[in-house]
Amino acid sequence: MYELRLLCPEADVDVICEALDALDALSVSVEDADAHTEAEQPLFGEPGMPAPREGWQRSLLVALFAQEEPAREAARLLQLQDFFGGSTIVGVQNVPEQDWVRLTQSQFAPVDITQEFWIVPSWHEPPAEAKQVIRLDPGLAFGTGTHPTTRMCLRWIARNGQPGDAGKLGTVLDYGCGSGILAIGAAKFGATQIDAVDIDPAAVESTRINADSNHVTLNAGLPDLVDPANGRYQTVLANILATPLKVLAPLLVAHVAAGGHLVLAGILERQADELKQAYAPYIALEVADSEDGWILMTGRKPA
Ligand SMILES: C[S@@+](CC[C@H](N)C(=O)[O-])C[C@H]1O[C@@H](n2cnc3c(N)ncnc32)[C@H](O)[C@@H]1O
């Protein structure tokens with residue numbers, strides 16, 4: 001493989017990407033040309049909001065080609081175009097062969113939730129001390145066990161459930177299931193019956209696949225899987241984000257059975273009070289755990 005690298009101003013990124021596509025580039029990536037310097041421009045928005053700008057003042061475009069000659073020809077043709085006036089070719093270089101699968105896998109090691117409860121990718125042997133294991137590979141849906149919000153939910157499950165003991169967690173609803181990691185964790189800690197729902201069909205599919213490979217039985221589907229009038233669970237888990245959690249407050253609380261637990265994550269420390277207020281008409285929330293600026297909030301319905 002060969003890559004053609006070029007610098008271009010924000011306004012010309014789209015037209016040059018389209019031209020590279022027409023010139024048979026296999027892929028084009030766009031990066032901040034000033035990354036890791038004083039002039040770096042971090043671009044991010046609040047969750048759910050658009051980024052403040054769509055691109056960087058100076059972008060580095062990297063176009064991948066299967067052969068060297070088409071990469072050099074693309075560079076030559078681009079320099080003849082009017083729209084290329086503000087841009088410059090950096091060069092064409094060989095991309096050394098790598099074992100990309102191994103490289104990707106090396107970034108995902110087993111993750112400990114408690115001393116005995118681990119999330120382990122399929123290409124790793126579980127550590128000797130792991131008594132409860134979720135086998136999970138990174139995929140399309142959120143939830144590999146490395147994010148603090150997922151870890152706190154799993155820790156709550158491990159503290160409040162018991163392997164083989166169906167009594168404690170009881171029936172479980174995982175609302176916003178992503179990879180299905182919380183639902184699978186609940187199954188490992190004695191949940192009796194589990195429904196896992198997500199608005200993203202890829203997450204639903206991912207949950208089904210991950211449940212199968214962990215030999216866990218659950219129902220996964222879009223949110224309408226759950227009967228809004230009669231679906232009541234002893235444990236309702238929702239790791240989403242503060243804003244949707246506030247909107248979903250009446251719905252989530254309605255799904256908690258009398259005496260049941262509501263467990264919420266995806267909340268930043270500074271959002272604790274607004275969540276408490278949003279849920280106050282239905283249930284009293286408390287901060288039950290925290291990690292890296294994120295908190296876990298839980299509440300219990302009177303029996
Ligand atoms: C942060 S991920 C959590 C995934 C997993 N439960 C975990 O703890 O790692 C949030 C998930 O909620 C889903 N989601 C967001 N808004 C939702 C909504 N209104 N109803 C159902 N699912 C939602 C997203 O598609 C995403 O898969």
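Two strands are taken to pair if DSSP finds at least two bridges between them. Helices (H or I, at least four residues) and strands (E, at least two) are DSSP runs, numbered from the N terminus. The model described here is a predicted one, in which local features need pLDDT of at least 70 and side-chain atom pairs count only at pLDDT 80 or more, while totals for chains, interfaces and linings use all residues. Residue numbers start from 1 along each chain as its sequence is written.

The domain assignment, whose bounds come from an automatic or database source, gives domain 1 (2-97) and domain 2 (142-300). The C-alpha centres of domain 1 and domain 2 are 41 Å apart.

Serine 27 stands opposite leucine 64 in β3, and strand β2 (residues 27-32) runs antiparallel to β3, joined to it by six bridges. Strand β1 (residues 2-9) also pairs with β3 in the antiparallel sense, over eight bridges, and here glutamate 3 stands opposite leucine 64.

Turning to another sheet, seven strands form an open, mixed arrangement in the order β10-β9-β8-β11-β12-β14-β13. Strands β10 (219-221) and β13 (286-291) stand at the edges with a single partner strand each, so one side of each is left without a neighbour in the sheet. Within this sheet, β12 (residues 256-268) and β14 (residues 294-300) run antiparallel and are joined by six bridges; leucine 264 has methionine 297 in β14 as its bridge partner. Helix α9 (residues 272-279) packs on the sheet and touches β12, β13 and β14, its direction making about 20 degrees with that of β14. Helix α6 (residues 201-213) lies across β9 (194-197) and β10, running at about 160 degrees to β10. Contact means C-beta atoms, placed from the backbone, within 7 Å; angles run from 0 to 180 degrees between N-to-C directions of axes, which are lines fitted to C-alpha atoms, for helices over the stretch in contact.

Finally, the ligand is surrounded by 20 residues, the closest being Gly143, Thr150, Gly176, Gly178 and Asn239. Helices α4 (148-160) and α5 (181-188) are the elements that give two or more residues to this shell.

Notes
Contact = placed C-beta atoms within 7 Å. Near = placed C-beta within 6 Å.
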